[in-house]
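Reader: I am new to reading structures. Please pick one part and take me through it closely.

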Amino acid sequence: MAKAEEYIKKDHKLYEDTVVGNVEISPGVFLLSVKRRKDFLPGQVVKLAVDRVQPPRIYSICSGNHEEELRVLFNIKEDGYLTPKLASLIPGDKVLLTEPYGSFIGSQKPAWWIATGTGIAPFYSMFQSGLSDNKMLIHGVSYLNQFYFEDELDWAMGKNYQRCCSREKSCDAFPGRVTDFLKGKSDLPTDVQYFLCGKAIMVVEVRDLLINKGVPYENIIAEIYF
Amino acid sequence: MAKEALFGKTLEELQGICAELALPKFAAKQVADWLYKKHVSSIEEMTNLSKKAREVLDEKYTFGLIESTRVQESVDGTKKYLFPTSNGKFVETAMIPDKDRKTVCVSSQIGCKMGCLFCMTGKQGFQGQLTAGEIVNQIRNIPEWEEVTNIVYMGMGEPFDNLDEVLKSTQIMTSEWGFAMSPRRITVSSIGIVPGLVRFLNESECHLAISLHTPFHEERQKLMPVEIAYPLDEVLDEIRNWDFGRQRRVSFEYIVFHGLNDTPAHVREMAKLLDGIKCRINLIRFHPIPDTPLKATDEATLVEFKEGLEKKGITTTIRASRGQDIYAACGLLSTKALVKN
């Protein structure tokens, strides 16, 4: 098998950095931190690797652009190569990452942020970067312990933070999927931007639903985890 | 425990199996012949293997062909086959006859993760990867098998998101012990996942097709979310590193949408973007899908667009729409109705 270096020779250059934190914030879900060395725009991504054997994978930055640390949120894929190794990293270990890049970028303009699972990461970065005014955040998960950062988000965004949980019930969360919640909304604004982040099926279903409700597709920007 | 399929194994893997079962080394080549060159479908029929060898193989393995469960035929002769998969799902395969050619359009995944706005497959989400055997089976197990002249990986799924199995399948198709097809008869089409692209260019000799659809980043990211992760500039930078001047070909797929990507500005930008790349562009008529805000461009604009690109020195063709009445045309393959929630 060819080495990752051969596959990324024209790709963004990987540089070595030191892990400063790695916290399991929910079962199987980790927040990995390195020192922030580059400026970035909230919503951007980095490519991340633990060695030069396998190509890096792309992760949204999950921290504010004025913070001293740059963080990424990931869940362990049991049969994956990278995430079990990432999960075992401790402060002082080395990781490889690229400079931040990407055009899934938040702004001060009014927008709806719609995420499932760890797709909350770019929106948390936007939130931590001071972009949460005029925003509606909808986060869909299967289980209640997957509402990462909910205390902060709930406190700061209040009624503009909507939780949807499909497999457990709570008085704080809509019972069902993000798509179920949006289907019931008769007053979706059509003149704001919609940012979608998560698995493909959520993105395509929500995108179709928004278009059916009169949102121009040009106002929808999606980032898919693949 | 379910027996493993022999179909879809490379010669090297078959040699490993033969060694493990204490069969003679030459048996691997014999098994490959039966799998990929002959009209049999069971281990019992591999008659140049000893009875004992067949029994030993049969204890752990099956031949592994999967029958199609439905076939539809278009008025233009295109056929669409439905194949079950090992995880209880389904994929579709199109066979497109054209004069002395028979092209098979194979699927590489069950559903797709890429979420392109104009594609029916994307609307069913992702239900799993196909094995190399399940990919090659889409050719080997249709009645036209021995008449197939060309293979395109343009069915369901993104080939570079299942590259290990796709490369294994092209190895089976192009190896002397396999179908012995020329790699120049095979085109793998991708939306441009860069690490997969680099690996494909290094490890395969098959033609490459890239789904481009608009030269403008802002527009492309709204049509194709992959643009955010792997922008077109990065894809083209990589392609520029390769010599496509000789036998290997790179082409760009361009679905033409009314009022969106069919303007003179798009022609100019395409010419700028593809400068220095020896390539061709395939213009594709958009086949509308449910809930789409996109519309097909009219024929006059399509022809004008083609001429505009040709005036800029880019070889451009308009792909014929085939199998539209049976939903076998470009962008229409889907097994969503068969996906159990």
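**A helix pair in chain B**

Author: H10(B) passes H11(B) in a right-handed crossing. This is a predicted model. H10 of chain B covers residues 264-273, and H11 of chain B covers residues 299-311. Their axes come within 9 Å. The crossing angle is roughly 30°. Angles under 35 degrees count as roughly parallel, so H10(B) and H11(B) are roughly parallel to each other.

Now look at the residues that meet. H10(B) brings B:Pro264, B:Val267 and B:Met270. H11(B) answers with B:Phe305, B:Gly308 and B:Leu309. By class, this contact of H10(B) with H11(B) has 5 nonpolar residues and 1 polar residue. No charged residue takes part in it.

Next, turn to where chain B touches chain A. Here 25 residues come from chain B and 26 residues from chain A. On the chain B side, four helices each supply at least two residues: H6 (194-203), H7 (217-223), H8 (226-229) and H9 (232-240). H6(B) gives the most, with 5 residues.

Finally, glance across at chain A. Chain A is divided into domain 1 (4-97) and domain 2 (111-224). Their C-alpha centres lie 24 Å apart. The two domains touch: 17 residues of domain 1 are in contact with 12 residues of domain 2. On the domain 1 side, strands E1 (15-26) and E5 (69-75) of chain A each give two or more residues. E5(A) gives the most, with 3 residues.

Definitions and conventions:
Residues are numbered from 1 along each chain as its sequence is written. Chains are lettered from A and ligands numbered from 1 in the order in which they are written. This is a predicted model: local features need pLDDT of at least 70, side-chain atom pairs count only at pLDDT 80 or more; totals for chains, interfaces and linings use all residues. Two residues are in contact if their C-beta atoms, placed from the backbone, lie within 7 Å. Axes are lines fitted to C-alpha atoms, for helices over the stretch in contact, and angles run from 0 to 180 degrees between N-to-C directions. Angles under 35 degrees count as roughly parallel, over 145 as roughly antiparallel, 65 to 115 as roughly perpendicular and the rest as oblique. A crossing is left-handed if the near helix is turned anticlockwise from the far one by less than a right angle, and right-handed if clockwise. Ala, Val, Leu, Ile, Met, Phe, Trp, Tyr, Cys and Pro count as nonpolar, Asp, Glu, Lys and Arg as charged, and the others, Gly among them, as polar. Domain bounds come from an automatic or database domain assignment.
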